[in-house]
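Biologist: I am new to this structure. Please take a close look at a single part of it, and tell me how that part is built and how it is joined to its surroundings.

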Amino acid sequence: MRRTPLATGALDATDRAILNALQTGFPLQPHPFAVAGAALGLDEATLIARIAALRDIGAITRFGPFFDAEAMGGAFCLCAMAVPADQFDRVAALVNAHAEVAHNYERSHALNMWFVLACEQPRDIAVVAQAIEAETGLPVLLFPKQKEFFIGFRVQA
Amino acid sequence: MSIDATDRRIISATQGGLPLAPEPYAEVARWLGLTEAEVLARLTAMQAAGVIRRIALAPNHYALGLTANGMSVWDVDDTQAETLGAQVGALSFVSHCYLRPRALPDWPYNLFAMIHGHSRAEVEGLRGQIAALLGPACRGQDILYSTRILKKTGLRLTDREG
């Protein structure tokens, strides 16, 4: 995934209108590009070509359904560890070796390693966390989601 | 809602994205040997049940200049945390917002809000907006910046039956 800004002028007003409008939703209809395009003053073929071009320059990370992984039966948990600096790389390797570790970030805090466990079953979360504690000799703090507020993020293009 | 094997096939086929074709749902149906009507009906049902949060385009926020982000964390009075959390989650610059258990004494924070901005300075300013919103219900706060990505894999549904 592209992690650098696009050059100034890479997007025109139509591109920005598409990015702003289609963040919120896309029709579930036989000709969704025609329906979505009509609201933007674009015909079906033009909207498809524009989205393809936006994808090709890295302005879009995904286009399609966003699934709630938990609703599909998985279990997830944010975890954190306070890892001494001289052990950091060794511990990172031990943690990352677990396939259940979906992503892992070093962060600026005494709790300096933050990762997400993604397991098939809720009971597997504790099993993997305990395995990491045994391997590293360090506590793993679990921060399971109690409530998610999933509403508003919009990137103003 | 419990999803069945056919739903899982549709999820598997579309989690990489919808085809950029005039009739994308018909295209997915052809891949799977289903009818367009069935694909649309199942996607509609999954969206109604929240299995699909939305069908949409996700802009690459780095490409659009939102290169700075921080995990802001807040110690919010439990009696107000749900109400205030919903307000924080609705802010346009907050991408993820969760209530989580505290881990006392090391970790007094129960509200997590990921803030995105064009610069570290902008993120700090937006953090100030959240502090103002929370007001006296907030007893402490911090922000954690990522300094290194140690691992990043997509969350992909494994193919399995039922």
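Modeller: Chain B has five helices and five strands, where helices (H or I, at least four residues) and strands (E, at least two) are DSSP runs numbered from the N terminus. This is a predicted model, in which local features need pLDDT of at least 70 and side-chain atom pairs count only at pLDDT 80 or more, while totals for chains, interfaces and linings use all residues. Residues are numbered from 1 along each chain as its sequence is written, chains are lettered from A and ligands numbered from 1 in the order in which they are written, and side-chain values use heavy atoms, with hydrogens and water left out.

Along the sequence, the elements of chain B come in the pattern α-α-α-β-β-α-β-β-α-β. The radius of gyration of chain B is 20 Å, well over the 15 Å that the globule rule gives for 162 residues, so chain B is more spread out than a compact globule. That radius is taken over C-alpha atoms, and the globule rule is 2.2 Å times the number of residues to the power 0.38. The C-alpha trace of chain B spans about 55 × 35 × 30 Å along its principal axes.

Within chain B, the side chains of B:Arg42 and B:Asp7 form a salt bridge, with N and O 2.9 Å apart; the term means a side-chain nitrogen of Lys or Arg within 4 Å of a carboxyl oxygen of Asp or Glu. B:Arg42 is in helix H3 (residues 36-49) and B:Asp7 in helix H1 (residues 5-14) of chain B, so the pair ties together parts that are 35 residues apart in sequence.

The strands lead on to chain A. Strand E3 (residues 94-99) of chain B is joined by four bridges to strand E4 (residues 111-117) of chain B, and the two run antiparallel. Here B:Val94 stands opposite B:Ile115. E3(B) is also joined by two bridges to strand E6 (residues 147-148) of chain A, again antiparallel, and there B:Leu99 is the bridge partner of A:Lys147. Two strands count as paired if DSSP finds at least two bridges between them. These strands belong to an open sheet of nine strands with antiparallel pairing, in the order E5(A)-E2(A)-E4(A)-E3(A)-E5(B)-E2(B)-E4(B)-E3(B)-E6(A). Its edge strands are E5 (141-143) and E6 of chain A, each pairing on one side only.

In all, 77 residues of chain B are in contact (heavy atoms within 4.5 Å) with 78 residues of chain A. The two chains bury about 7200 Å² between them, 62% of it on carbon and sulfur atoms. Buried area is the accessible area (1.4 Å probe) that two parts lose on being put together, summed over both. On the chain A side, A:Leu28, A:Phe149 and A:Phe153 supply 11% of the area that chain A buries against chain B, more than any other three residues.

Charged pairs also cross between the chains. The rule finds five salt bridges across this interface. One of them joins B:Arg53 to A:Asp68, the closest N and O atoms being 4.0 Å apart. Strand E1 (residues 60-67) of chain A gives the most to the side of chain A that touches chain B, with eight residues. By class, that side has 46 nonpolar, 18 polar and 14 charged residues; Ala, Val, Leu, Ile, Met, Phe, Trp, Tyr, Cys and Pro count as nonpolar, Asp, Glu, Lys and Arg as charged, and the others, Gly among them, as polar.
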